[in-house]
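Opening the notebook on this one. I want to look at the cavities first, then go through the salt bridges.

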Amino acid sequence: MTQYRFDGFVLDEERRELRAQGGVVALEPRAFDTLVLLIENRSRVVSKDELIGEVWGGRIVSDAALASQIKAVRRAVGDDGKAQRVIRTVHGHGFRFVAALEVEVPQQPATAAPKAPETAAPVAPPPARRPSIAVLPFQVIGDPGDHTALADAFAHDLIVELSRLRYVFVIARASSFQLRDADPQSGDVSRRLGARYGVSGSLERMGSRVSMVWQLWDTEDGRVVWAERWQAPLDRVHELRADTTAKIVAALSLRISANAAERARLTPPENLDAWERYHLGLHHLFRFNRARSAALALIRSDRAATIFAVVSARSSCTRSSGACQRS
């Protein structure tokens, strides 16, 4: 994993540590992500909107909160708003990392002596309570030209909009964009990011039109869950970006839920977790037949029954267009 050295500090992305003189510098998670984002984009100014989109997931953040985060990062690296030796404020635009930087990428030795088998296999990162998803940088087919920025913009838009879904945990761009050249089937997304789902895509220019392909895949088995193709005139791409992103996010939300229900149907009832029980309940809620009753008998835990009762009550109130009265 890449390490960055600057001004007597070492930032280790893999360990999520900032070290100085052999010791670890205390840094809150958002402050750490802010520093990583600024370092990775050190060749340019990072806007306030981009910081909010990446670090806060697009949530509404006051200028005071953003300024406090920048101040915390500066304090951790021995900088301040007056000196600005490490992080410079570009008024009206954003912030930029300006310190001299050395990048270290650990290399594996060409030959290594065989290691004795370890007693325990490496443990994968524990799954998030919510389904997690990583959006990888989109690939540009053919001559990249100036289309790499457009491909990254589409991926960034998806990250921001997906983060608005309360039941999905979205991997930050600073982390997922490290896998720019990763093969979706290689297992890197699951192993390095701990994500359950991955979104990848491609962009290709064909004369005066642009063609894009999106695909959602399950990182556990590499199976493509959903895919879509989109074309638009090149001169209308930016005009259509917001509408297209909204449609893609809506489709992803539906497919993630449908995939959860499908997996739950193939899992023994005693092994179902709350998320799977919930979606299995939704699946049968809208199937008005005998199979529905039989399936509900298999998910008898108090938690599943409670969730199903709440969903049923809300659905009934919606269909009747009347107010629900407490008994």
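This is a predicted model: local features need pLDDT of at least 70, side-chain atom pairs count only at pLDDT 80 or more; totals for chains, interfaces and linings use all residues.

Started with a search of the whole structure for cavities of 30 Å³ or more, and got two.

Picked the second largest cavity, which holds about 30 Å³ of space. What lines it? I get D33, L37, E54, V55, A172 and A174. Looked up where the lining comes from: α1 (29-40) and α2 (48-55) each give at least two residues. By type, the lining splits into four nonpolar residues, two charged and no polar ones.

Next, salt bridges. How many turn up in the whole structure? The search finds 13.

Checked R19 with D12: their side chains meet in a salt bridge at 3.6 Å, N to O. Buried or exposed? Both R19 and D12 come out buried.

Then R196 with E220, where the closest N and O atoms are 3.7 Å apart. R196 sits in the loop between α6 (188-193) and β12 (197-206), and E220 in the loop between β13 (209-218) and β14 (224-233), so this pair ties together parts 24 residues apart in sequence. I noted R196 as partly exposed, at 22% relative accessible area, and E220 as exposed, at 53%.

Last pair: R236 and E239 form a salt bridge, with 3.1 Å between the closest N and O atoms. R236 is partly exposed at 36% relative accessible area, while E239 is exposed at 55%.

Went back to R196 to see which partners it is linked with. Salt bridges with shared partners join R196, D218, E220 and R223 into one network.

Key: Residues are numbered from 1 along each chain as its sequence is written. Side-chain values use heavy atoms; hydrogens and water are left out. On a 1 Å grid over the protein atoms alone, a cavity is a set of points where a 1.4 Å probe fits but cannot get out, and a pocket is an open set with protein on both sides within 12 Å along at least five of seven lines; lining residues have an atom within 4 Å of a point. Grid points are joined across faces, edges and corners, and a volume is the space filled by probe spheres set on the points. Helices (H or I, at least four residues) and strands (E, at least two) are DSSP runs, numbered from the N terminus. Ala, Val, Leu, Ile, Met, Phe, Trp, Tyr, Cys and Pro count as nonpolar, Asp, Glu, Lys and Arg as charged, and the others, Gly among them, as polar. A salt bridge is a side-chain nitrogen of Lys or Arg within 4 Å of a carboxyl oxygen of Asp or Glu. Buried means under 20% relative accessible area, exposed over 50%, partly exposed in between (1.4 Å probe, protein chains only).
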